[in-house]
Every structure is written in structure tokens, then in C-alpha cells.
Amino acid sequence: MTELLDGTLTEQAAAVAGGDADPSALLDAALARIEERNPSVNAIVDTFPERSRQMLAEAPRGPLYGVPVAIKDEWPLPWRAERLGAAEYLGPAPRPGESGPYRALHDAGAVIVGVANMHEYGAGSTGHISAFGPARNPWNTDRCPGGSSSGPGAAVAARLVSGAVGADGIGSIRYPAAYCGLTGLKPTFGRSAMQGHHVPSTTTIVSGPMCRDAADCRLLGGVLFGSELTASEPRGLRIGVVPGELWDDCDPEVNAACRQAVEILREASESTVAEVDFAGREHVLISSILVGSTEELAVATPKRVAGLGDDVSLIARALLRYRLLIPAATIAKSVRVRSLVRRSLAELFERVDVLAWPTVAAPAPPLENPTVNLPSGAYPADYANPRQAGLANLAGVPAISLPVGLSSEGLPIGLQLLAPWGRDELLLDAAEALERANGRQWVDAAPPLARPG
Amino acid sequence: MTAAPEQGGGAKAGEADAVGRFARAGLELLGLEADEAEIAVIEAADRLYRPVIERLLEAELDGVDPEPGADMSRPPA
């Protein structure tokens with residue numbers, strides 16, 4: 001059963017459906033793997049074996065029948081309210097319940113084996129701050145796993161589970177996918193299950209799959225979408241690359257690996273590559289943060305911020321105060337930037353099928369000091385990352401991060417592809433084409449702690 | 001704001017003092033206190049974000065038509 005636990009989500013689902021694997025034994029193996037390996041990565045913050053066994057006993061014969069999965073600490077379950085990686089709630093305390101992602105997993109026959117860690121309040125791209133303690137990157141446990149879906153990323157990379165549900169409001173699926181060497185899909189806004197989320201009026205956050213490869217994201221994504229994501233062979237793609245800081249202000253190893261991956265994709269799919277640009281690019285970093293945080297932190301009134309105790313991190317307490325001092329005009333301007341980039345992207349996607357640039361500008365930074373060194377200087381990763389990933393949330397378009405290499409320090413490198421609204425399947429098609437052209441070298445690479453023997 | 005500001009770009013001490021005074025006064029008006037550690041984080045965050053916020057405020061965007069009731073799942077109408 002250990003071998004199957006190391007397999008992909010697709011392999012696990014096929015083995016159970018075909019009668020080649022006992023789902024009860026697979027569940028027990030997953031729980032044992034979590035007990036054995038989770039202390040190294042702190043990816044899973046809660047398990048509930050009896051609830052998991054009950055889910056299996058009642059599971060319908062859906063596409064994920066009997067397959068163990070994890071879910072980020074961002075949605076309620078019928079037996080557990082979300083904690084958001086925090087010691088205190090900013091708004092009213094949530095209650096247990098049936099969230100959209102829970103219902104989708106349940107109806108697909110999946111078995112939730114654990115709740116996965118996340119960056120405190122979802123307000124960080126590193127995962128180094130959480131009331132449960134930081135999640136750790138399985139490729140190097142002194143490094144950040146990425147956030148805010150830190151636990152789903154670390155759990156899948158450490159082979160605790162082969163698929164997990166994350167959430168992405170300003171890149172929170174794609175950062176951990178890139179840092180942990182996974183494939184992570186940020187769906188088109190509104191396409192994936194979101195009911196029960198603590199920001200019901202969001203216009204940026206989506207649920208999405210975090211898996212080892214694109215086929216698994218297609219499977220788990222289809223469950224979250226409530227419809228099968230069909231595969232096609234991508235041929236003659238028009239790939240757009242945006243010159244400037246999205247490429248040039250990246251770690252040289254990241255730049256080189258991503259450029260090589262784009263070239264491999266171009267050759268494999270008989271595609272073309274052209275330099276393109278979009279309006280408002282210079283304001284994406286701050287606008288994505290302002291729009292996202294305004295929605296996510298709408299409940300953070302002065303009175304509630306004042307009531308937060310020392311069990312909430314210093315960074316969160318201080319930045320919640322700073323946010324209250326931001327001029328309102330910047331929010332209005334950010335909304336204008338949003339309109340500007342959406343219109344510009346709509347025009348651009350008449351001329352290109354996908355856009356490509358590195359998911360993050362540098363590999364996973366140290367947990368102790370999550371700073372990245374870029375050609376333009378040293379910055380907190382949280383400052384640099386939204387520049388790369390914020391556009392998809394600001395515009396509502398889908399984006400995917402897929403592994404395309406390892407740095408000289410043995411840390412994963414991720415390439416990001418973006419597509420027009422509703423073309424999520426095209427991203428999966430392109431990612432699969434690149435995987436095949438690479439001989440699955442990067443999607444099958446396992447971090448040291450997950451290698452057999 | 002999401003950054004964990006541990007480094008920033010060379011603001012002058014006077015500017016940091018001004019940010020600290022502004023933060024304390026603004027927070028006081030909101031009925032909030034901030035300790036020295038929190039003010040230090042706010043100053044560091046401001047060193048990082050102030051330039052991009054100022055560029056945003058200076059950007060000429062009046063000609064950009066808003067999208068009232070925009071559906072983010074689709075391209076703009």
C-alpha cells in the first residue's frame with residue numbers, strides 16, 4: 001500500500017475503482033504516513049480518523065472514491081470550523097458546516113484525512129507564520145513551503161496525500177506549488193466550489209487543486225468545478241512573454257529554467273513565442289494587494305484589531321494597523337487599475353493563447369528570514385511575490401504553476417501560465433504537454449524525505 | 001498588506017520618524033494603540049510600500065471607465 005500512497009491521485013483512484021486496492025487500507029496507510037512524516041513538515045494540523053472512516057463508509061462511487069485528500073484550514077467541515085491558521089478570529093467565530101469544497105469532495109467519494117496548515121489569516125505568501133507553527137518545505141525543511149496554502153503544498157510534496165484543496169486570493173495556491181515543486185491551478189474566478197468561505201463577497205479568491213501533475217489537477221479540479229475538465233492536445237499555441245521585471249528581475253536560475261521550459265513547450269506543441277505587454281502592469285503588485293486585502297479584511301475594524309492578543313503574530317497585529325491608515329484613494333485607484341488590466345488582457349488574449357513568466361522570482365526563502373535576493377535588491381518574499389501572481393486574481397483569469405527545474409540548492413522552480421477566462425483546460429493541456437516533453441522529470445521528482453528507502 | 005517587512009529600501013531616519021508619528025496619531029484617532037515593535041513593523045512596511053502607493057496615487061487613470069457590477073468570471077463587456 002505504501003507504493004500506491006506514493007502514486008498520483010489518478011493512480012490511486014484507478015486502483016481503488018478497479019478493485020486493485022482496498023480503500024480502507026489506503027486510508028490507514030495515509031494516516032500512518034501522516035503520523036510518521038508530518039512532524040518533519042507540519043503540513044497537517046488536524047486529523048480525525050473516525051470521521052475519515054465514516055466518510056469512506058458513506059462514500060459514493062465517484063471519481064475520487066476512496067482516495068485520501070487534505071483540505072486547507074480555510075473552509076468549515078461538518079465537524080470542524082476553520083481556524084485560518086490563526087489563534088484568534090478577526091470576525092465572528094465561524095461554525096462547522098458543509099462548505100462547497102467539502103461537499104464536492106464528499107460527492108466525489110474522496111476521503112478527507114486531514115486539515116492542512118496555512119499562513120496566519122491567509123495573509124502571507126511564505127507559510128512561515130501560523131498559530132500551528134510554520135509548515136516546512138519538504139525539499140528543505142529550513143525553507144518556506146509558500147503560502148498561504150502552505151499545508152496543502154507541503155502535504156502533497158511530502159507524499160502525505162496526493163491531492164489537496166487550496167485557496168488562491170493573491171497567488172496562494174501558486175506560491176506553494178512553485179516552492180514545493182507541485183502543479184497548482186488557480187481557476188477562473190467563480191468556476192470552483194467556494195460556498196461557506198469566510199469572505200462570501202470575494203471577487204478574487206478561488207478554491208483550487210494542488211497536486212503533483214496536471215492530470216491530477218484535472219481530476220481534482222473537475223471535482224471542485226462540478227464538471228469534467230476534458231483534455232486536448234495543444235497545437236500551435238501562441239505563447240506571450242512579457243518583457244521587463246516579470247522575467248528580468250528574477251533569480252538567474254529561475255529565469256533560465258523558465259525560459260528553457262517555454263522553449264520546450266514551444267517545440268513540443270509547434271507553437272510560437274512573442275513578446276507582448278498589457279496596460280497597468282506597474283500597478284499590479286499594489287493593486288492586487290489592496291483589492292484582495294480590502295475584501296479579505298473587511299471585518300478587521302479598529303475595535304476588533306484592538307482586541308487581538310499576543311497570540312496573534314506581531315506582523316499581523318502591526319500590518320492590520322497599517323492597513324487602517326492606507327488612503328482610501330488608493331483603493332479607488334486599485335479598482336481602476338483592475339478595469340484597466342482586465343480590458344488590456346481581453347485585447348491581448350485575442351492575439352495570444354497563454355502568457356508565461358516565473359511563478360515566483362526566486363526559490364523558497366529561509367523560514368528564519370523569508371527574504372529573496374533579486375537583481376534589483378533584497379526584498380521580503382511577501383513583497384516580491386504578488387508582482388508575479390497578483391494579475392490572475394485581479395483580472396479573474398485562470399493561472400497554473402508547474403515545476404520546471406531545480407535550483408543549484410536543490411529547490412524547485414515554477415513556471416506560471418495564464419489563459420483567458422474560462423480556458424482552465426487549456427492550461428492543463430499545456431502543462432501536460434510540457435510534462436511529456438520533459439519526460440515527467442520535474443513532476444515525478446521527489447524531495448529527499450519522500451524518496452523510497 | 002501581506003509583507004513581513006524585514007528589509008527595506010533606505011528611507012531616511014526623519015521619514016521613518018514621520019511615519020511613526022503619523023501612525024501613532026492616526027491609530028489614536030481610531031482608538032488603537034501600537035507598541036514600539038508594531039510601530040517598527042509599520043515603518044518598515046511603509047518604506048516598502050510607500051513608493052508603489054505614491055506611484056499609484058500619481059497614475060493618470062481618470063480615463064479608465066469603471067466596470068460597475070463586473071463579473072470577474074468573464075472578460076469585460
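Analyst: Ser401(A) stands opposite Gln416(A) in β13(A). This is a predicted model, in which local features need pLDDT of at least 70, side-chain atom pairs count only at pLDDT 80 or more, and totals for chains, interfaces and linings use all residues. Residues are numbered from 1 along each chain as its sequence is written, with chains lettered from A and ligands numbered from 1 in the order in which they are written.

User: What makes β12 and β13 of chain A a pair?

Analyst: Pairing requires that DSSP finds at least two bridges between two strands. Strands β12 (399-406) and β13 (412-418) of chain A share seven bridges, in the antiparallel sense, so they count as paired.

User: Why are β1 and β8 of chain A called edge strands?

Analyst: Each of them, β1 (44-46) and β8 (272-275) of chain A, pairs on one side only. They belong to an open sheet of eleven strands with mixed pairing.

User: Which residues of α11(A) meet α15(A)?

Analyst: Among them are Val284(A), Leu285(A) and Ile289(A). Contact means that C-beta atoms, placed from the backbone, lie within 7 Å.

How values were computed:
Contact = placed C-beta atoms within 7 Å. Helix = DSSP H or I, 4+ residues; strand = E, 2+ residues; numbered from the N terminus.
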